[in-house]
Amino acid sequence: MFALVDCNNFYASCERVFQPKLRGKPVVVLSNNDGCVIARSNEAKALGIDMGAPWHLNRDRFKKAGVIVRSSNYPLYGDMSARVMRTLSNFTPELEVYSIDEAFLNLAGFADPEAHSRVMRATVLQWTGIPVSVGIAPTKTLAKVANRLAKKTPESGGVLVLADEAAQTAALARIELTDVWGIANRIAVRLVEMGITTPLELRDADPRKIRAAFGVVLERTLYELRGISCLSLEEHSPDRKNIMASRSFGRPVESADEMQEAVATYMSRAAEKMRRQGLVTASITVFVNTNRFREQDAQYYATQTVRLPVATADTGKLIRAALHGLKCIWRPGFSYKKAGVMCLDLHRAENLQNSLFHQADDPGRVELMRLMDGLNQRFGRGAVHFAATGTKGSFAGGGGILR
DNA sequence: TCTGGGGTCCTAGGACCC
DNA sequence: TCTGGGGTCCTAGGACCC
């Protein structure tokens with residue numbers, strides 16, 4: 001049995017923990033630059049406020065309705081998330097932190113998963129102040145369905161189990177195609193064109209047809225809806241494959257100096273993230289965009305990928321590379337709205353020696369190779385392993401004999 | 001009439017998630 | 001004037017290899 005624990009209206013709930021006067025009131029949290037709505041309390045949802053609603057188009061309406069507005073505070077949400085996850089880990093041997101406000105739990109072996117989950121839910125509320133909902137089912141996709149219904153059904157007390165096929169069928173009859181995990185608008189439209197208009201019809205469709213039309217991902221969803229588990233719990237999150245740092249600007253940027261400053265800032269933020277995860281990058285991409293909402297303006301989007309001679313997380317080197325990339329794509333005369341950097345080709349820092357000495361004529365490389373050859377001749381091929389960190393164009397590192 | 005049969009790697013684009 | 005910021009996976013097609 002899987003349980004999906006999802007924090008209710010997470011960012012809005014975090015704001016409430018420290019400002020009790022917000023309880024019972026419509027609260028929304030805004031994105032960066034107060035651009036648009038990214039979280040709503042139940043009271044705000046009841047007023048018909050949409051996710052993603054642009055703030056500047058709704059300011060007056062919110063004011064009239066007495067909506068309380070907060071700018072987002074990500075350090076707070078990250079901290080609250082860690083507290084919730086720590087609390088959950090007391091209730092299961094296996095926990096997958098799926099997002100900032102969601103976790104999958106393995107509840108196999110618990111005699112009464114529902115009772116267990118009710119205690120867990122009460123404990124999270126008591127210890128952190130965050131209300132959560134719990135959906136329990138034999139597959140992750142059905143646990144998502146159960147969670148959604150737990151939120152929609154006040155009588156459930158925030159915990160809902162879909163153990164048998166009868167319960168699952170009744171549950172699937174209550175939701176739309178796009179409520180199913182993995183189905184968004186585009187796929188829903190194509191499914192409807194095929195005559196599949198509800199989650200139940202998808203569950204009971206021919207898996208081969210679904211695979212032929214949509215691929216293996218949706219085929220898995222179909223089986224998961226039947227209660228056949230295709231997605232397992234992933235306790236240890238694998239290394240990131242990309243790290244991005246980007247922002248929309250509050251006002252359009254037109255000067256190259258200002259843009260350089262922004263790109264340097266994003267690059268150093270990305271480098272910090274990378275070091276925290278023990279990673280280094282062998283290439284970075286810089287991108288700039290004009291404002292896509294201003295259709296009357298000339299549009300320009302550009303990216304430039306810069307390959308690094310040496311994989312690194314060194315902020316100074318990365319900023320120099322990013323600024324070089326920016327120079328290649330900078331076109332004066334445009335009003336830029338957004339920019340960012342992305343680190344690709346990530347490696348674990350401890351495996352750095354593989355990417356560090358790309359350049360055959362690097363004096364550090366030459367010296368290292370000579371050393372390694374000598375040692376490998378004495379101790380056998382592959383006997384010597386070097387861990388190195390690159391700084392200032394040369395190398396510093398240590399080696400060890402593996403066998 | 002006949003025109004190998006596999007592989008891998010890379011990139012771009014499309015779709016999804018929170 | 002003002003419309004978020006991150007991520008993942010899959011597929012198709014081309015280059016290239018033996």
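Trainee: Which exposed residues are carried by the face of H13 turned away from its buried side?
Mentor: Let's settle the words before we look. Helices (H or I, at least four residues) and strands (E, at least two) are DSSP runs, numbered from the N terminus; buried means under 20% relative accessible area, exposed over 50%, and partly exposed in between, using a 1.4 Å probe and protein chains only. On the face of H13 turned away from its buried side, the exposed residues are Arg320 and Lys327.

Trainee: Before we go on, what pLDDT do local features need in this predicted model?
Mentor: Residues are numbered from 1 along each chain as its sequence is written, chains are lettered from A and ligands numbered from 1 in the order in which they are written, and side-chain values use heavy atoms, leaving out hydrogens and water. In this predicted model, totals for chains, interfaces and linings use all residues, side-chain atom pairs count only at pLDDT 80 or more, and local features need a pLDDT of at least 70.

Trainee: How many helices and strands are there in chain A?
Mentor: Happy to give you the overview. Of the 403 residues of chain A, 43% count as buried. Its secondary structure comes to 15 helices and 14 strands.

Trainee: What share of the contacts in chain A with a separation of 6 or more is between residues 24 or more positions apart?
Mentor: A contact means heavy atoms within 4.5 Å. Among the contacts in chain A with a separation of 6 or more, residues 24 or more positions apart account for 63%.

Trainee: Back to H13: how wide an arc do its buried residues cover around the axis?
Mentor: Those residues are Leu318, Ala321, Ala322, Gly325, Leu326 and Ile329.

Trainee: How far apart are the end C-alpha atoms of H13?
Mentor: The expected span of a helix is 1.5 Å times one less than its number of residues. For the 15 residues of H13 (315-329), that predicts 21 Å, and the model agrees: the end C-alpha atoms are separated by 21 Å.

Trainee: At what angle do the axes of H1 and H4 cross?
Mentor: Axes are lines fitted to C-alpha atoms, for helices over the stretch in contact, and angles run from 0 to 180 degrees between N-to-C directions. Helix H1 (residues 10-18) and helix H4 (residues 74-88) have axes that come within 10 Å and cross at roughly 90°.

Trainee: Is Asn106 buried or exposed?
Mentor: Asn106 is found in strand E6 (residues 102-106). A polar atom of the Asn106 side chain lies 2.8 Å from the backbone nitrogen of Ala108. Leaving aside neighbours within four places in sequence, Asn106 is in contact with Met1, Thr92, Pro93, Glu94 and Leu233. With a relative accessible area of 18%, Asn106 is buried.

Trainee: What value is phi of Asn33 near?
Mentor: Most residues other than glycine have a negative phi. Asn33 sits in the loop between strand E2 (27-30) and strand E3 (37-40), and is partly exposed at 43% relative accessibility. Its phi is positive, near 60°.

Trainee: And what value is phi of Asp345 near?
Mentor: Asp345 lies in strand E12, and is partly exposed with a relative accessible area of 37%. Phi of Asp345 is also a positive value in a residue other than glycine, near 55°.

Conventions:
Polar contact = N/O pair within 3.5 Å; in protein donor to acceptor, adjacent residues only side chain to side chain.
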